[in-house]
Amino acid sequence: MIEIRDLHKYFGALHVLKGIDLDVEKGEVLSVIGASGSGKSTLLYTINGLEPVQQGRVVVDGVDVHAKGTDLNKLRQRLGMVFQQWNSFPHLTALENVALAPKIVKGKSKAEAREIAAAQLKHVGLGDKLNVYPSALSGGQQQRLAIARALAMEPEYMLFDEATSALDPELVGEVLETMRMLAEEGMTMICVTHEMGFARDVSDRVAFFHQGVMEEIGPPSQIFGDPQSEHTQKFLANAR
Amino acid sequence: MSDTVSFFSGFAPRDLLFLGEAALRTMWISALSITMGSLLGAVFGWMLYEGKWVATLTLAPVLDVFRSVPLIIQLVLFYNFAPIVGLNLDPFASGVVILTIYTAALVANVARGGIEAVEPPMRRAARSLGMSYWQDMRHVVLPIGLRAVFPAWVGVALGVMKDSALVSVLGYVELLKASQILITRTQEPFLILTIAGAFYFALSYPISRYAAKLEQRWAQ
């Protein structure tokens, strides 16, 4: 379970998260929507400790992420993350990309790491690309590679930071399909997304962020069917 | 029978051997200096990248001095003034020390460029997988950055190899010094400098070829 309490984040003088309170249960799929600059991506970065916070707490399975002495490298193994830019390691094949972290972070044997990697690549539909370098993969394939890379660490949670925003329109579908598959398998997911269809169909809850504040959270039927906040209404009217 | 002592004699086959030996010395002093200088330079480059103002204020100006002052001046100054502080180094050791520092000063900026070539999002992705700072450095930044600046590093290495000719002013008999000795005796500068040039080329060319091959392989 992820518990976020009164979370504040500043970039210099810029107040990007203004007191966020949020619980994410095991098995839940939460979509986070809102305009660019509303703080939704920053929220993800504070959950796995890639960004420090100035006030408040994030607790993942009882571990206070921002407490002194927290082993972030260990914690991050529980929190897979997929970014807007897929960031495949260009010097490694697809298989090596996925096998690297299990090998060096988890200390798996080379054979074991490669086995895990092959299984995860098959899982995301790249079973025929094991020995291909990322430069020979499409954006959609590279993003699925990034998902497989994160899954290879056997995380408890997956954080998606606008995973489809940098993709050509015709490649968005395959990545969303993969995310949908993970959701159906019961993965706990927090998806920052601009894909309203995905948020509506796949999520258990949808949170709307506006200027660093979580304006509204609820089941998709409520957020999309009967939004309470004026900002949510305006955002959704423009998003459609 | 002649009463005069002959100072001059023509170029003989055994002189080629003499030049060959000297070329090996050039290779040896270069390989040693380039290897140590590159390792040191990589550390300096990392310090420049990570060290914030401390490195900017202390290390950067020192490296600038070594990059800016002509190598020949550095060699002569070091060789002649090191004994004052009790460092009695022979020409070879003095040459290695200065060439190493000179290489390190050049490589430091190449290395910093290499680290900078790895975009922050790439490193965040590595860290998000649970890699530590050093795992990220070793398995992501090093291979990607190295590929990015490898051509620049090869340029530095070949430059230092040729600049090692300047160690001849200290009396170390490497390729250029050997050529000067032979020219004095044979009075055939054109022939001997051509041969020496060919030796330098023979030392550089395999390195450039090998580098080009590596780059080609990485480009896949």
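Two strands are taken to pair if DSSP finds at least two bridges between them, and helices (H or I, at least four residues) and strands (E, at least two) are DSSP runs numbered from the N terminus. On this basis, strand 3 (residues 29-34) and strand 9 (residues 205-210) of chain A run parallel and are joined by five bridges. One of the residues involved is A:Leu30, whose bridge partner in strand 9 of chain A is A:Arg205. The model is predicted, so that local features need pLDDT of at least 70 and side-chain atom pairs count only at pLDDT 80 or more, whereas totals for chains, interfaces and linings use all residues. Residues are numbered from 1 along each chain as its sequence is written, chains are lettered from A and ligands numbered from 1 in the order in which they are written, and side-chain values use heavy atoms, with hydrogens and water left out.

The unreviewed UniProt entry places the feature "domain: ABC transporter" at residues 2-236 of chain A; positions are given in the numbering used here, feature names are shortened, and annotations may be inferred rather than shown by experiment. This span is 37% helix and 26% strand, and its end C-alpha atoms lie 27 Å apart.

A nonpolar core is a set of buried Ala, Val, Leu, Ile, Met, Phe, Trp, Tyr and Cys residues joined through side-chain atoms within 4.5 Å, where buried means under 20% relative accessible area, exposed over 50% and partly exposed in between (1.4 Å probe, protein chains only). The largest such core has 39 residues, of which A:Leu121, A:Ile147, A:Met158, A:Phe160, A:Met179 and A:Met189 touch the most other members. Elements of chain A that each supply at least two residues include helix 3 (94-104), helix 4 (110-123) and strand 8 (188-192). Helix 6 of chain A provides the largest share, seven residues. Leaving aside neighbours within four places in sequence, A:Met179 is in contact with A:Ile147, A:Phe160, A:Ala163, A:Met189, A:Cys191 and A:Phe198. A second, separate core of 33 residues includes B:Ala23, B:Val156, B:Leu175 and B:Ile195.

Chain B comprises nine helices and zero strands. The C-alpha trace of chain B spans about 90 × 50 × 20 Å along its principal axes, and 40% of the 220 residues count as buried. Of the contacts in chain B with a separation of 6 or more, 76% are between residues 24 or more positions apart.

B:Leu203 lies in helix 9 (residues 189-218) of chain B and counts as buried because its relative accessibility is 16%. Not counting residues up to four places away in sequence, B:Leu203 touches B:Ala23, B:Thr26, B:Met27 and B:Met161.

Definitions and conventions: Contact = heavy atoms within 4.5 Å.
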